[in-house]
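Here are some notes to read beside the model. Please keep the sequence and the 3D view open while going through the points.

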Number of protein chains: 2
Amino acid sequence: MTSHFLPFLTWARHYNRANLTNDLIAAAVVTIMLVPQGMAYAMLAGLPPQAGLYGAMLPLLIYAAFGTSRSLAVGPVAVVALMTAAAAGTVAEIGAPGYHLAALWLALLSGAMLLLMGVFRMGFIASFLSHPVISGFITAAGILIAASQLRHLLGIETSGKTLPQVIPSIAANIGAVSLATLALSASVLAFLIWSRAGLAALLQRLGLSAPLAKLLGKTALLLAVVVSTFATWALGLDAMGVAILGDIPRGLPEFGLPAFDLTLIQLLAAPALMIAIVGYVESISIAQTLAAKKRQFVDADKELVALGLANLGAGASNAMPVTGGLSRSIVNHDAGAETPAAGAITAVMIALAVLVLTPLMAYLPRATLAAIIIVAVLSLLDFRALPRTLAYSRADGAAMAATMAVTLLIGVEEGLLAGVGLSLVLYLYRTSRPHMAVVGQVAGTEHFRNVERHEVTQDPHVFSIRVDESLYFPNARALEDRIVQALADLPELRHVVLQANAVNYIDASALESLEAINDRLKAAEVQFHLSEVKGPVMDQLKRSHFLDDLTGEVFLTQFDAMATLSPELTRACLQAERCETLRPLPAQ
Amino acid sequence: MTSHFLPFLTWARHYNRANLTNDLIAAAVVTIMLVPQGMAYAMLAGLPPQAGLYGAMLPLLIYAAFGTSRSLAVGPVAVVALMTAAAAGTVAEIGAPGYHLAALWLALLSGAMLLLMGVFRMGFIASFLSHPVISGFITAAGILIAASQLRHLLGIETSGKTLPQVIPSIAANIGAVSLATLALSASVLAFLIWSRAGLAALLQRLGLSAPLAKLLGKTALLLAVVVSTFATWALGLDAMGVAILGDIPRGLPEFGLPAFDLTLIQLLAAPALMIAIVGYVESISIAQTLAAKKRQFVDADKELVALGLANLGAGASNAMPVTGGLSRSIVNHDAGAETPAAGAITAVMIALAVLVLTPLMAYLPRATLAAIIIVAVLSLLDFRALPRTLAYSRADGAAMAATMAVTLLIGVEEGLLAGVGLSLVLYLYRTSRPHMAVVGQVAGTEHFRNVERHEVTQDPHVFSIRVDESLYFPNARALEDRIVQALADLPELRHVVLQANAVNYIDASALESLEAINDRLKAAEVQFHLSEVKGPVMDQLKRSHFLDDLTGEVFLTQFDAMATLSPELTRACLQAERCETLRPLPAQ
């Protein structure tokens, strides 16, 4: 039972030396990536570099205890950093005391929301984000992130958060570009892009084994940081206009809750929910993909709890919002991480790095971090997704295009809201038209089929309609409209039969709709019957007055219904080889 | 074709003297109700009385030309008046020049929205309002309306729009109550409540025929207005503290668009959409109920156009937002209205009344109008709806309770938004769990049924799952989770078959989900197959890369799939009388 709440107990009791070796190697590789990425994503979020490093300590320890994925690498990630900057920027200027406070509250609030969603099994809330919306949002966020880092690459000042603000701002300041910064940026970018494939290949040609070469290939980020920091210090590039990181506080974060501010919390609640959901959707998708490779299972509700607690930990340790990151998780998995202990070891290694290395990082150029960010977000961009989705479904393509356009042109939160709103509207539109079929009897059988697809017979006094979906408020009116239409079209109508064999649920709106149908048919002296109602639906209807007010009957089968309401025709048709000619419908 | 756009052409060409007689009688009765109600609802909306009278002129003429209901009586109604007051009150104080301007823009905006929804056949947007939400909202609105009129009944000043504001305000001012006003209010209220049943009965006892007595019973409003106005003038009640209406401009409204103000329009867009949808939902429901009694058909899209144009007309003639009203429509129908001409005749009669009678109305007490409003909203209150809905479905009951509570305690727009939001969340929750069944073969048949309900056999290498709903973004993840779970649970698994006979649509999110399932199964060396895919769904899948990437096959039937993937077991089971014992599933 305890392992239900503390998933680490399930693997910790079998933990052995071989596991430890593998986890240590994976942790070391992830740490090498995470030190520069943590500082880079903190810069992207507008926070001091240590916020990113702290985000790689306590949250990782917490996830190791509560998470169910054996490969997920939690910590600061690019998209969440961008969303943090967008939200914190609405309440304070970067650098102002309120700014980091806002980021901490975003972590606490999104952590609390994830925790609640997990405890109350409300992970379905994440399904508000349809795939086209999340995919369009991530690509647009990647473009915004890249655009926001151009100023660090060029060594200029820019302003604004959307493309229509950033691009003119870059154009206006392009004259002030720092050539030393530009040269450094270009070198680091070129090295990082080459290293993605080239470094491992080179190491292999130098005689290393393929797996080791691949592992060491991941040191490119560290190499870029070390070499560019040393070059800046040795050549005095900071005096030539290259912006550097400056002093980073040495030591571990201070723990404690940030100052309570109700107004701030109200302002940040909506963006915190978006950060929670976007972070969760990304994280669970990575975790499930990696788990499937080893036939492992990731528990969605427990992941919500684990990510929620990790973010509460981030908020309580001067860090920033965190989630599972794509690139580091793949590296962690490929490097052989066997248990979440790899994450805990990573946290310890990061802490050691902060204690030992921070004094050496003062000369780390911001341009290097910007280059690291840009190379990281390149993998987020999927420009073929839009034409591919449009070709598959125009509605889904429209939702994706709207999300991208609004995110790029108006803002991050607005883009997500527009996408969610549009996909809900389109969903309601599709589900507002339930699949319905007017049915008639197939000759020689007790079967009833769609009159448009089969040769069947109908009694002009009886209108039988089958609904192929559950009845909910978005589609209730469609059934009402169809039956009211039949009432107006068929002057001889005496009975309406609703064949409900595919109806699994009837909500209160649909019940009112059925009552309205019953009343309207009654006013026109037409009886309303049901057939093939499922047991649970029948139980549900018995809790209302509907069955008392029903003018007609509830039949076990559609054949029973017709045998009662139109006995002669039904029996004749049962014995005939073709019965659609027995009594034709009157011309309408 | 022309009659498609101008529905009145369909009835106008057969219009005869008998129609005219009936329409004239109905129009006269409706006019007698509409003159006092129009002024009363204008007062409720915080507008001058003529705004309500103007709302009963041009909009009615327009609806007569474009509407498809033969009984609907369009004009100012109580709930829309309350919503107008709530929205206009956010941009200006009652009586300030901007207030009536806001009301006119609400009419124009909601009219334009209805028109667009009709032209683009987007009536499904109204299904965002589930029945429990609209029902709870109307009852709560009725309570708020009644509470807002207490000040007129008592002759005191109050402030606030929500119950927690209005009730203390009444309590604080109760000492200033005007006894003359109270006496007048009590008399008028008592008369109106008695007259609902008593007047017709009395007239019948005096020798009138039952139908005539019923018709003349509708003159109670007019009687109350005439008698209380005369009494106020004759007894000089206005000097004793009875608030009177004062001068009403004589003559027809001035036509023309109100001043354009982009900021105002942006502020009013959201409330205008709510007014449009609430007004439409109420109106179409009344129109369909009345049409069914005569086996007539009301075209929902044309109704949107007609109500949209009617509101544009209201906004362009110094009136207020309008829609189809319940009580007047029933009176119109019962009085024998045969065509929309009754509405056009009503408009002319109202115009005559305004030209002739307005000078006589200066002494009309506001308390009389308040009593008329209160009696009208009594029919809106349905306190049994909440327990009834809660008994039927706790989720729907919760949505209704939330709508009522937020409307009463926080505000009209907030209440609607809370209800819509909660019902969408609950809808997503329910639809996020599609009906799925693991299936196995029934002995001696080619049929496959739910393993939980039938004695069937399964091959431990093959996991067959049937989804009983279309695949959309809210439920796509559930299928993914179920299959990933099976992958973790069944160590011998080699094939997964998705039986898709009930899937009518696969949206882009569900497609991505199927691709993720395919990829994850591929990583675990399990093949993914489909069976019984419908034609349109197959066409849709062919527009994606899914079928190219699919590791398995698409089978025509589930039997074909099993006969290929597990030929021995399937053939043995086809010939056996019981086959669940042929090869049992391994213990999990």
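Into which domains is chain A divided?

1. Chain A is divided into domain 1 (16-157 + 164-208 + 224-234 + 252-424) and domain 2 (436-575). These bounds come from an automatic or database domain assignment. The C-alpha centres of the two domains of chain A lie 55 Å apart.

2. A word on the source: this is a predicted model, in which local features need pLDDT of at least 70 and side-chain atom pairs count only at pLDDT 80 or more, while totals for chains, interfaces and linings use all residues. Residues are numbered from 1 along each chain as its sequence is written, and chains are lettered from A and ligands numbered from 1 in the order in which they are written.

3. Between the chains, 49 residues of chain B are in contact with 49 residues of chain A (contact: C-beta atoms, placed from the backbone, within 7 Å). On the side of chain B that touches chain A, α21(B) gives the most, with 8 residues (helices are DSSP runs of H or I, at least four residues, and strands are runs of E, at least two, numbered from the N terminus). The residues of this side divide into 24 nonpolar, 15 polar and 10 charged (Ala, Val, Leu, Ile, Met, Phe, Trp, Tyr, Cys and Pro count as nonpolar, Asp, Glu, Lys and Arg as charged, and the others, Gly among them, as polar).

4. Strand β6 (residues 462-467) of chain B is mostly covered, as 5 of its 6 residues are buried (buried: 20 or more other C-beta atoms within 10 Å of the residue's own; exposed: 12 or fewer; partly exposed: in between). β6(B) pairs with β3 (436-442) of chain B in the antiparallel sense over 3 bridges (pairing needs at least two DSSP bridges). Arg466(B) in β6(B) is the bridge partner of Ala437(B). With β7 (495-499) of chain B, β6(B) runs parallel, joined by 5 bridges.

5. Thr445(A) is found in the loop between β3 (436-442) and β4 (448-450) of chain A. Because 13 other C-beta atoms lie within 10 Å, Thr445(A) is partly exposed.

Technical notes
Contact = placed C-beta atoms within 7 Å.
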